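Subject: Structure handover

Dear colleague,

Please find below the structure I promised to pass on to you. My notes on what was found in it follow directly after.

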Amino acid sequence: MKICVLPGDGIGPEITAQAVRVLQALGLKMEMEEALLGGCAVDAAGDPYPEATRKLAQEADAVLLGAVGGPQWDNNPRELRPERGLLGIRKHLGLFANLRPAVLYPELANASTLKPEVVAGLDILIVRELTGDIYFGQPRGIEVRNGEKVGFNTMIYSESEIRRIAKVAFEAARRRSKKVCSVDKMNVLECTQLWRDVVISVAPEYPDVELTHMLVDNAAMQLVRNPKQFDVMVTGNMFGDILSDEASMLTGSIGMLPSASLDANNKGLYEPCHGSAPDIAGKGVANPLATILSAAMMLRYTFSMEEAAQRIENAVKKVLAQGYRTGDIFEPGMKKVGTREMGDAVLAAL
Ligand code: NAD
């Protein structure tokens with residue numbers, strides 16, 4: 001098990017350090033090596049995704065990333081911005097499937113803007129296609145037609161692109177509550193009619209998983225009306241971009257949300273959904289749980305170690321039940337802890 005660790009910028013090094021401690025505590029045979037990505041790489045090597053990092057990421061089975069970015073690099077030319085490093089590694093590794101769980105632990109139900117009874121115990125997984133759709137389709141552009149400017153993009157998916165993301169969703173559902181809801185706009189868009197047809201054609205390979213379909217406008221509504229009806233939702237790049245952000249906000253606690261981006265062989269990049277939080281960087285107060293939960297996803301999806309993944313997730317549930325809270329999820333009456341103390345609590349719970 002070769003893991004490339006990319007702490008990145010801002011709170012990145014603080015939070016990844018805790019996830020690394022948790023992985024080490026499992027006593028598994030794994031090699032972990034660190035490299036630079038983002039602003040720190042620009043400063044040290046003049047490149048947000050330097051060759052040494054590229055090589056290490058290529059050779060690793062999985063990548064654990066903190067976060068990149070910060071105000072000191074905001075005025076850099078585009079090719080020297082930290083986000084370039086992030087886009088670069090995603091493209092280089094061919095990561096086409098983005099998995100974002102939205103889990104709301106009952107102890108944190110008050111953090112949501114929705115009523116606790118609507119969201120307490122929420123556990124959904126959004127599977128978003130990441131490399132196709134209207135974001136990459138050609139032709140695209142802005143040009144003058146009949147004396148006025150027009151803007152246009154192309155929504156396009158091939159059968160093989162739809163099939164491979166559908167399979168990721170069905171496989172993920174098998175590890176969960178065995179329900180997939182495919183989201184499209186087939187009543188208006190031919191591209192998503194094909195999406196629905198292909199997803200239906202993949203379903204017989206997974207007779208143990210229940211498949212339903214929903215139009216994207218209804219899905220957006222159902223996510224805030226009754227989100228607990230969903231298990232796995234699978235959708236294209238643009239709808240997934242919007243729905244995954246909507247779903248993550250149901251939980252109200254950005255410091256708790258992990259993510260995975262996978263290639264065709266389950267090699268993956270695992271990172272928290274939040275950014276580098278420059279406002280609290282270096283203060284030792286950041287919540288490391290999203291990164292620790294990203295490490296659990298790594299064990300589940302890249303290494304097929306479901307039991308070890310659940311050990312970490314159960315340890316996180318336990319520390320929440322014990323009342324440990326970093327500042328971002330703190331409520332009166334709870335025990336306020338910093339980044340490292342939260343790591344200590346997870347280790348103790350393990
Ligand atoms: P952010 O997620 O970094 O921060 C938003 C707010 O949430 C801040 O108040 C921050 O303190 C808080 N927060 C975030 N993570 C937290 C944690 N683990 N514990 C406690 N509080 C936490 O978003 P932003 O402020 O919009 O962006 C800051 C920088 O991060 C920018 O440079 C941006 O480009 C970058 N960014 C990187 C990624 C990534 O690496 N994947 C994602 C988003 C933003």
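Predicted model: local features only at pLDDT ≥ 70, side-chain atom pairs only at ≥ 80, totals over all residues.

In these notes a residue counts as buried when its relative accessible area is under 20%, as exposed when that area is over 50%, and as partly exposed in between, with a 1.4 Å probe and protein chains only. Residues are numbered from 1 along each chain as its sequence is written, and side-chain values use heavy atoms, with hydrogens and water left out.

The chain has twelve helices and 14 strands, where helices (H or I, at least four residues) and strands (E, at least two) are DSSP runs numbered from the N terminus. The C-alpha trace spans about 60 × 50 × 40 Å along its principal axes. Of the contacts (heavy atoms within 4.5 Å) with a separation of 6 or more, 74% are between residues 24 or more positions apart.

Turning to the interior, a nonpolar core is here a set of buried Ala, Val, Leu, Ile, Met, Phe, Trp, Tyr and Cys residues joined through side-chain atoms within 4.5 Å. The largest one has 86 residues, and those with the most contacts inside it are Leu99, Val127, Phe170, Met256, Tyr270 and Leu299. Its largest share, nine residues, comes from helix H10 (residues 289-301). Because domain 1 (1-96 + 263-350) and domain 2 (106-252) both give residues to this core, it lies between them; the domain bounds come from an automatic or database domain assignment. Apart from it lies another core, of 16 residues, among them Leu6, Leu86, Leu95 and Leu269.

Leu86 also belongs to the buried residues of helix H4 (residues 82-92), which are Pro82, Gly85, Leu86 and Ile89. They cover an arc of only 100° around the axis, which puts them on the same side of H4, the arc being that of the directions from the helix axis to the C-beta atoms. These buried residues pack against strand S1 (2-8), helix H2 (39-45), helix H3 (51-59), strand S3 (62-67) and strand S12 (268-272), whereas the face turned away from the buried side carries the exposed residues Leu87 and Lys91. Just after H4, Gly94 takes a positive phi of about 65°.

With best regards
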